[in-house]
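Subject: Structure for you to look at

Hello,

Here is the structure I promised to pass on. Please open it alongside this email, and then read on for what turned up.

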Amino acid sequence: MRKTFGSGSAWEKILGYSRAVQVDNTLYISATAASGEDGIVGEDFYTQTKFILGKLGRVLADAGFEFSDVVQSKLYLTDISQWEEAGRAHGEVFGEIRPTLSLVHVLPFLDPKMLVEIELVAQKSAS
């Protein structure tokens, strides 16, 4: 079974991607930024990470998953020296869940106000 989930972003159609794709009991969520209705939310790594995780929680819920189903998390940071601030927000959500984690230092994103993107993989236990 393959099912796609969209966010309504015009970029999904232009670039040919989905916000998330579920294959059987696994959900793959595209890298997500702190973009809101009025542009990028937050000017620091903690605030953007926290906002992104809220968005990702809604994506998970829409697909019938929870944060506890997340098995892999990737944080893309434009300034690796700020890893502790992004990590603090990440730990507030995943502290007890403890998925695998990659911290990746990247060049600036398309919008220079974007400091963080997060990508997740979630998997439900076969039952």
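Let me begin with D111. Its relative accessibility is 28%, so D111 counts as partly exposed: the value falls between the 20% limit for buried and the 50% limit for exposed. Please keep in mind that this is a predicted model. D111 sits in the loop between β7 and β8. Now look across to I40. The two residues are 71 residues apart along the chain, yet the C-alpha atoms of D111 and I40 are separated by 8.6 Å.

Is H90 buried or exposed? H90 is buried, because its relative accessible area is 7% and the cut-off for buried is under 20%. This residue belongs to helix α3. Compare its position with I80, which is 10 residues away along the chain. Between the C-alpha atoms of H90 and I80 there are 15 Å.

Next, the strands around that helix. Helix α3 covers residues 83-94, and together with β6 and β7 it makes a right-handed β-α-β unit. β6 (residues 70-77) has strand partners as follows.

- β7, residues 100-105, runs parallel to β6, and 6 bridges join the two. Y76 stands opposite V104 of β7.
- β8, residues 116-123, pairs with β6 in the antiparallel sense, over 7 bridges. Here K74 has E119 in β8 as its bridge partner.

Now go to the start of the chain. Strand β1 (residues 2-5) and strand β2 (residues 20-23) run antiparallel, joined by 4 bridges. F5 has A20 of β2 as its bridge partner. β2 is also joined to β3 by 4 bridges, again antiparallel. In that pairing V23 stands opposite T26 of β3. How many residues lie between β2 and β3 in their hairpin? There are 2. D24, in the turn, has a positive phi of about 55 degrees.

On to the inside. The largest nonpolar core has 23 residues. Those that touch the most other members are L27, I29, L56, L60, V116, I118 and L120. At least two residues each come from β3, α2, β6, α3 and β8. The largest share is from α2, with 6 residues. As a general rule, nonpolar side chains in soluble globular proteins tend to be buried together.

Last, the largest pocket. Its volume is about 810 Å³. It is lined by 26 residues, and the closest to its centre are S9, Y17, R19, S35 and K55. Which elements give two or more residues to this lining? They are α1 (10-15), β3 (26-33), β4 (35-36) and α2 (45-62). By class, the lining has 12 nonpolar, 7 polar and 7 charged residues.

Then move to β6 and follow its pairings with β7 and β8. Finish at D111, in the loop between β7 and β8.

Over to you.

Best wishes

Notes. Residues numbered from 1 in each chain as written. Predicted model: local features only at pLDDT ≥ 70, side-chain atom pairs only at ≥ 80, totals over all residues. Heavy atoms only, no water. Pairing = 2+ DSSP bridges. Right-handed = clockwise from strand over helix to strand, strands pointing away. 1 Å grid on protein atoms, 1.4 Å probe; cavity = no way out; pocket = protein on both sides within 12 Å on 5 of 7 lines; lining within 4 Å. Points joined across faces, edges and corners; volume = space filled by probe spheres on them. Nonpolar A, V, L, I, M, F, W, Y, C, P; charged D, E, K, R; others polar. Core = buried A, V, L, I, M, F, W, Y, C linked by side-chain atoms within 4.5 Å. Buried < 20%, exposed > 50% of the residue type's maximum accessible area, 1.4 Å probe, protein only.
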